[in-house]
Every structure is written in C-alpha cells, then in structure tokens.
Amino acid sequence: MKKKILVVDDFASIRDFVCETLQRKGYETIGASNGTEAFTLLSSNPKVDLVLTDYNMPDCTGFELLKKIKSSGSLAKVPVIFLTTESNPDKMRAAKEAGLTAWIKKPYRSETFFAQIENAMIHG
Amino acid sequence: MDSNQERFVEDALDLLNELDEGLLQLEGNPHARAPLEQVFRTMHTIKGGANMFGFENIGELSHHLETLYDLVRQEKLTVTDKLISITLHAFDKVRDVLQLRDAGMISRAEGLKEHLHNALQYLQDVQADNGSGSSLSRKIDEVATFLIRIVPSIRMTEDGNHPLVFIIKDIESLGTSKVYVFKKEEEVVQWDVYLTTTTAREEIESYFIFVEQDCIVNCVKLGTDLLSTAEFQNFLKENSGAPIGLDQIQSFSSSQNPIGNEKNEDIGSGKTFNLAKKGLHDTYIKVSKRKIDDLLNWISELIILQAQLATSSSRIKDSDLSEVTELLEMVTNRLRDTSLEIGLVPIETLVTKFKRLVRDLSKTLEKKVNFLSEGAETEMDKDVIELMSDPMIHIIRNCIDHGIEAPEVRKAAGKSEHGTVKLKAFNSSAYVNIIISDDGAGIDKQKVLLKAKEKGIVGSSAELTDDEILNLIFHPGLSTASSVSDISGRGVGMDVVRQKLNDLRGYVSVQSSPGKGTSFHIKLPLSRSIIEGLLVKVDETPYVVPLNIVTRIDRMAYETLDRVNKLNPSVVVNEELLSVFSLRENFHSGSAAPKTADIISVTINGARRAIAVDRIEGKLQTVMKPLGDAFIQQDFIAGSTILGDGSLALVLDPVRLFQVSVN
C-alpha cells in the first residue's frame with residue numbers, strides 16, 4: 001500500500017512542488033496550508049504515515065502543530081518532519097524535545113530528503 | 001523555466017506586493033508588531049522558495065534583508081526611513097528580475113549584488129554609529145575552518161541509507177570541504193570533515209541534533225581560511241592514513257594563523273506569531289487565464305443560444321417547452337452572474353502600487369502627501385486592472401504634481417501641511433466606480449481657458465461652461481503646469497488617459513473647486529464582453545446603446561427634430577439644450593419618418609448629449625462580439641451582438657459617434 005504523507009506549507013508553489021516530488025517517488029500526498037488545517041485533516045485522516053511541515057506559517061506554526069500532534073493520544077505516533085529555512089539551533093532543540101523526528105533544511109538535496117523520510121517512516 | 005519555477009515566480013510576485021504593503025505600514029508605524037512580523041515572514045518565505053527553485057541570488061539577498069528585520073524583531077535595530085527604502089528598492093529589483101520570467105536570466109540577473117551590498121553596508125553603518133557593534137555581532141562574512149569529527153555509535157556503512165550519511169553530505173556542501181572516512185571492514189568508524197565556511201558552529205552542530213542518539217559529534221574551530229593554504233593541504237595529505245590527533249592539528253593550525261576566541265551570538269528569538277490575514281479560511285486555486293477565457297466565451301455563446309431558444313419557444317407556445325426554457329433562462333442568468341465574477345480580482349494590488357507611487361513622488365517633489373484608499377476589496381477584471389494601472393498612475397501623478405500644494409503654501413492657506421490623495425472604489429450594478437481625489441488647489445479654470453485660447457483649441461471669444469472648461473484638460477496638447485516637471489509630463493497624458501478608458505468602454509469625468517481640490521470619477525464596465533444596453537430601433541434596424549451612459553429618455557414629436565427638411569442640431573430636454581445626433585437622419589434618411597422620436601440623454605466623459613432614435617425596445621444584457629475587419633473603419637460601432645431572434649444588432653460606441661458628428 002502507498003504511504004501517505006501530509007505536506008504542510010503556506011506557500012503554494014513549494015507545497016505543490018514537494019507533493020509532486022513525493023508522488024513521483026510513489027508516495028500518496030495530501031496538502032494543507034497551515035497548522036490548523038493540517039490538524040483538522042489529520043484528525044479525519046488517521047492513516048497518514050508522516051507529516052512534513054514548514055516551520056514558519058501564519059495562524060498555526062509547525063511547532064504548534066507538532067505539539068498538538070504529540071499531545072493527542074491517537075496521533076502521537078505519527079512521525080513529524082520539519083522542512084524549513086529556519087535554522088535556529090534553539091528552535092531545533094526545542095522541537096526535538098517536543099518529539100520531532102527530523103529537521104530538513106531548505107533547500108534540501110533530494111537524496112537527503114528521501115533518506116530522512118524513509119528513515120522516519122521505518123523507525124517512527 | 002519548468003512549471004514549478006513558473007508558479008513560484010507568480011506566487012513570489014504576489015508575495016512582493018504583500019511585502020510592499022507591510023513595509024509601508026511599518027514605515028507609517030515603526031513600532032507596530034504585526035507588520036514587522038508580516039514583513040519578516042514574507043521575506044523568509046521568498047528566501048525559502050528562491051533557494052528551493054534554484055534562484056540562490058534572490059535567496060541570498062532576501063536572507064540578508066531578513067537578518068536586518070530579525071534584528072529589528074529583537075529590538076537591536078530600529079525601523080528607519082533608510083532601512084525601509086533599502087528594502088523597498090532591493091525587492092523592486094527582485095520584482096524586476098522575477099518578471100524576466102526566465103530561469104536562466106533570473107539566476108544570472110545582475111544588479112542584486114548592489115542591493116545586497118547596501119543592506120550589509122547599512123548594518124555596518126548602524127553598528128559603527130552604535131560605537132561598540134557588539135550587540136549586533138552577527139558575523140555575516142566570518143570565514144572559519146572547522147574539523148567536524150563524527151563517530152557513529154551504531155553500525156553503519158558509507159553507502160548505507162542512514163540519514164547521518166546524507167547529513168554529512170549536506171555539511172560538505174556548506175563550503176569548501178575535505179572529508180576523510182575511516183573504516184573497519186565495511187563499517188564506518190569515524191568521519192573527519194574539514195570545512196571552511198561562513199556558517200556558524202551552532203548551525204553546523206544543529207544538523208546533528210536529530211541523529212545525536214546514533215553518533216558522537218565533535219566540532220572544533222581550527223582557524224580562518226585554512227583549506228585554501230598549501231601548507232594545510234600538505235599537512236592533511238601527509239596524515240591522511242589515520243585520524244589525526246586533535247592536539248596535533250590544533251598546534252599546526254595555530255602556527256598557521258591564530259584564532260580569536262569569539263563566540264557567535266545566537267540570532268532569533270523563539271517567538272511565534274500569528275498573522276491574521278484576510279481570507280485565510282477561504283481556499284483558492286490558481287487557474288490559467290486561458291481556461292477562464294474559454295469558459296467565459298462558451299457562457300457567452302450559451303447566453304445567445306438561450307435568448308434564441310426563448311424566442312422560438314414563445315412562438316411555438318408549448319407549455320412543456322416553455323417551462324424548460326424558463327428554467328434554462330434562470331440557470332443561464334445565474335451562470336452569467338457567476339461568470340462575471342470569476343475573472344475578477346481585488347484592486348488591492350493597484351492600491352499597494354499607488355501607495356508606493358505617492359510615497360516616492362511626494363519625496364521627490366518635497367510635498368507631504370497621505371494616501372487613503374477605500375474599497376480596495378472592490379473587484380475588477382484582471383486584464384482591466386492591468387490596463388487601468390497606467391492611466392490611474394497618471395491621474396495620481398497629476399494630483400500630486402499639480403493638485404497638492406507645497407507644505408508652506410498649504411500652511412499659508414490655512415490647510416494642514418499634509419495633503420491627501422484619496423482613492424475610493426465601489427461597485428454599482430455592472431460597473432466599477434473609481435474616484436481619485438485630492439484636497440489641493442483645484443484646477444484654475446481661467447488659466448485652462450486662457451491656455452486653450454492661446455493654443456487655438458477654442459475660439460478667442462468662446463463662452464464655455466465650467467464643465468466644458470474642465471473637460472479641456474483631456475484635450476491633446478494642453479498642460480497648465482507653468483513649469484514642466486518630469487513627473488507629469490508635457491501635456492501628453494490626460495488625453496491618453498481618456499482614450500485608454502474609452503477603449504475599455506469606460507468614462508472619466510472631472511470635478512474641481514478652487515482651493516478645495518479636484519476629483520476624477522472613472523466608471524468602467526465589470527466585464528469586457530458582457531454589456532448592459534438599451535435596445536433601440538431606427539426604421540427596422542436594431543441598435544444597442546450602452547446603458548452606463550444613459551441618464552434619461554424622453555419621447556417627443558418627430559417634428560421637434562425635423563421641421564420639413566430643416567434639421568435641428570439640438571433639442572431641449574428637461575429645460576436643457578443638448579446637441580443631438582439623429583441615427584435616422586444619419587443612416588436611415590430614405591425611409592418614411594415616424595410620428596415620434598425617442599431622445600436618449602447621455603453623459604459622455606462629463607458632457608451631456610442626446611441620441612435620437614425611432615423607438616426604444618427595452619433593456620438587454622448581452623454579449624458583445626467584435627465585427628470583422630471589413631468594418632474596422634466604422635469606429636463609431638463598438639461591436640455587434642446577436643439578438644434572441646438570431647438577428648444582428650450593432651452596439652454603438654457613443655464617444656466615437658459624437659466625434660463623427662463633430663466632423
């Protein structure tokens with residue numbers, strides 16, 4: 001069965017680009033434009049295997065989304081990866097403590113990207 | 001350019017408009033948090049996108065500007081006019097570059113470096129002014145060489161799929177690097193990465209945060225630009241067989257160049273922010289313009305067919321058929337109304353552009369001008385917005401250049417030093433109204449009249465009403481600015497403005513009162529192809545008169561117009577003498593005259609005229625089709641439309657009609 005990835009980014013061209021890249025590699029994708037929307041989608045789509053989200057977004061940031069996911073019992077086991085230009089070590093540390101699986105910096109190299117994603121879905 | 005890059009360029013251009021808006025808000029209110037966060041976030045998004053789609057030059061510029069605003073967020077910098085100007089100019093350049101719409105040209109674009117330099121220079125200047133510079137010590141161009149020693153704590157191979165393998169590749173690409181892998185059989189024992197980079201140590205270390213359970217990382221700063229020295233390269237070559245002891249390396253590198261013991265300050269607070277943005281919960285999709293045009297085209301065909309069906313159905317008088325026809329009419333009307341809205345976008349983009357214009361112009365002309373807008377959410381056809389942009393810019397320029405007085409003049413006249421240019425947009429039925437007004441000196445009617453007489457535009461003894469005088473400003477070759485500035489040109493402007501608006505089937509009129517100001521009223525149809533008109537007949541030929549100019553209709557005896565071969569050039573309507581254009585007289589003089597004529601009073605560009613027809617059939621909303629090339633010289637006809645019975649009606653272009661009648 002195809003793995004399903006939720007891609008969250010408020011910038012539509014990046015979101016679509018990431019989705020298309022993932023689809024070409026055989027993943028199923030759904031998109032959301034902010035944390036709130038993502039969480040709603042996730043709550044009604046329990047079969048998502050991975051959440052790939054931007055950090056800085058209006059309304060609900062990636063970090064807030066991460067905290068929401070990790071504190072909701074049933075969804076807590078879904079791995080979350082940040083895909084972002086943000087590179088503040090403190091924020092990265094805080095995100096890790098909140099249960100983040102990996103932090104991919106934009107612009108990413110596609111092999112790093114896919115390795116991180118695969119690894120996250122295997123090991124949670 | 002691939003389709004992803006194209007979409008990025010489109011999105012980024014939208015973002016740049018938002019950024020302009022945010023920057024202007026920030027300039028007006030330098031301590032406001034919301035616009036600052038918006039500006040920062042927008043730059044951040046542009047940076048991310050640019051890097052992702054291969055436009056590193058834009059990414060780099062955005063990055064450094066973002067850094068400046070991050071310092072503002074941390075209250076280490078304050079917002080100044082200069083900072084805003086630098087940013088606006090830099091992103092203007094980015095906008096120009098993006099508009100090349102060619103991936104190669106964008107990524108090689110010249111001129112971004114200059115703005116990058118300005119941004120860096122600004123930071124340095126501010127630091128110098130602060131004396132110490134310590135509080136802003138983000139070492140932007142600090143080159144350093146690090147040894148990053150990674151010892152995996154789990155078993156892994158060099159070509160394995162562990163993220164660490166790829167993280168090391170990412171690290172390598174941060175600068176000039178040399179990597180040594182030490183293996184025991186196939187398993188990696190240790191990586192030594194020598195890296196000369198401008199990336200801070202904290203940032204390098206942060207790459208490993210998410211794999212720290214699987215490895216031990218040690219990052220040591222060795223010196224500045226070591227990797228480029230022959231000595232260090234030789235040293236590495238000689239010792240490449242086994243991991244070199246840290247002491248040994250450090251003693252070597254310190255002999256090469258001494259290391260300062262500075263520590264990079266961590267940038268960026270952990271603050272999160274919410275940006276309340278209009279329409280956040282409304283979802284949007286982007287559709288190509290061509291698809292919308294196709295859709296509108298088919299809907300217009302449907303409207304014509306539906307009208308034909310209604311005509312046939314009323315002739316056949318079958319109850320089943322007429323029921324379906326009525327339902328179809330209802331659906332078609334709904335579809336038509338919805339379709340009118342599809343291609344519409346808010347005029348907000350224009351407003352932002354104008355804010356910029358007012359700001360820049362008032363600085364150049366040393367006037368103090370505020371720009372107010374109302375109804376920026378009013379929607380218009382995207383093409384029309386683009387076509388309207390230049391004429392409106394011209395009007396606003398005139399308002400500032402000729403309308404608004406210099407601050408000291410205003411003060412002397414008992415007005416506030418700050419002038420105001422106001423843009424008000426609103427809808428009325430199928431039209432968009434835009435009123436651009438200023439509270440300046442108003443138009444000096446005597447001066448205009450004098451000039452017009454001087455130039456022979458009107459006769460030297462001509463008596464003109466106030467409205468007629470004001471209308472002269474749209475005459476080609478008339479400019480009343482005593483000194484011609486490079487801003488509002490040499491009187492080649494307002495006539496072009498009117499021309500362009502008329503081409504869009506829109507009209508402009510002007511009102512002005514001395515000392516109080518001037519206002520321009522623009523009225524444009526919402527749709528370029530669907531028009532509301534008055535269906536009229538002369539003899540048995542149908543014509544359509546656009547409804548937006550009709551002010552009143554009167555029926556009078558035909559003799560009023562034509563007293564036995566003595567034609568009246570004007571007619572009294574509502575106690576006002578209007579010059580009249582008789583369609584019958586001009587195009588149908590051969591046939592027998594009716595008993596009565598209907599006089600349609602119209603207002604064209606502020607002037608009142610009348611059109612005489614035989615009778616008015618009614619109102620209709622219809623689709624205008626262009627006529628073939630054969631009719632191109634008949635320019636008083638705007639187009640044609642197909643009526644319900646399948647016959648053709650000509651749509652009149654009243655502006656040109658009266659030009660014909662004058663000649």
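These notebook entries record what I looked up in the structure above, sheet by sheet and helix by helix.

**Ground rules**

I am working with a predicted model, in which local features need pLDDT of at least 70, side-chain atom pairs count only at pLDDT 80 or more, and totals for chains, interfaces and linings use all residues. I number residues from 1 along each chain as its sequence is written, letter chains from A and number ligands from 1 in the order in which they are written, and take side-chain values from heavy atoms, with hydrogens and water left out.

For the elements I use DSSP runs, numbered from the N terminus: helices are H or I with at least four residues, and strands are E with at least two.

**Entry 1: the sheet of chain A**

I began with an open sheet of five strands in chain A, which has the order β2-β1-β3-β4-β5 and parallel pairing; two strands pair if DSSP finds at least two bridges between them. At the edges I found β2 (28-32) and β5 (102-105) of chain A, each of which pairs on one side only. The twist from one strand to the next averages 20 degrees; angles run from 0 to 180 degrees between N-to-C directions, and axes are lines fitted to C-alpha atoms, for helices over the stretch in contact.

Looking inside this sheet, I saw that β1(A) and β3 (residues 50-53) of chain A pair in the parallel sense over four bridges, and that A:Val7 stands opposite A:Leu52 in β3(A). Helix α3 (residues 62-70) of chain A packs on the sheet and touches β1, β3 and β4 (80-84) of chain A, while its direction makes about 175 degrees with that of β4(A). Contact here means heavy atoms within 4.5 Å.

**Entry 2: the sheet of chain B**

In chain B I followed an open sheet of five strands in the order β14-β19-β20-β18-β17, where the pairing is mixed. Its edge strands are β14 (550-557) and β17 (570-573) of chain B, each pairing on one side only. Neighbouring strands of this sheet are turned by 35 degrees against each other on average, with direction ignored. I then checked β17(B) and β18 (residues 576-582) of chain B, which pair in the antiparallel sense over four bridges, with B:Val573 opposite B:Glu576 in β18(B).

**Entry 3: two partners of α6(B)**

Next I looked at helix α3 (residues 56-73) and helix α6 (residues 112-129) of chain B, whose axes come within 10 Å and cross at roughly 20 degrees. That makes α3(B) roughly parallel to α6(B); the classes are under 35 degrees for roughly parallel, over 145 for roughly antiparallel, 65 to 115 for roughly perpendicular, and oblique for the rest. The residues in contact include B:Leu61 and B:Leu65 of α3(B) and B:Leu116 and B:Leu120 of α6(B). By class, this contact has 11 nonpolar, three polar and two charged residues, where Ala, Val, Leu, Ile, Met, Phe, Trp, Tyr, Cys and Pro count as nonpolar, Asp, Glu, Lys and Arg as charged, and the others, Gly among them, as polar.

Helix α4 (residues 81-98) of chain B and α6(B) pack at about 165 degrees, with their axes 9 Å apart, which makes α4(B) roughly antiparallel to α6(B). Among the residues in contact I noted B:Ile86 and B:Ala90 of α4(B) and B:Ala119 and B:Tyr122 of α6(B), and the contact has eight nonpolar, three polar and three charged residues.

**Entry 4: α1(B) with α13(B)**

The axes of α1(B) and helix α13 (residues 348-364) of chain B come within 9 Å and cross at roughly 45 degrees, and the two helices are therefore oblique to each other. The contact includes B:Asp20 and B:Glu21 of α1(B) and B:Arg356 and B:Arg359 of α13(B); by class it has one nonpolar, three polar and seven charged residues.
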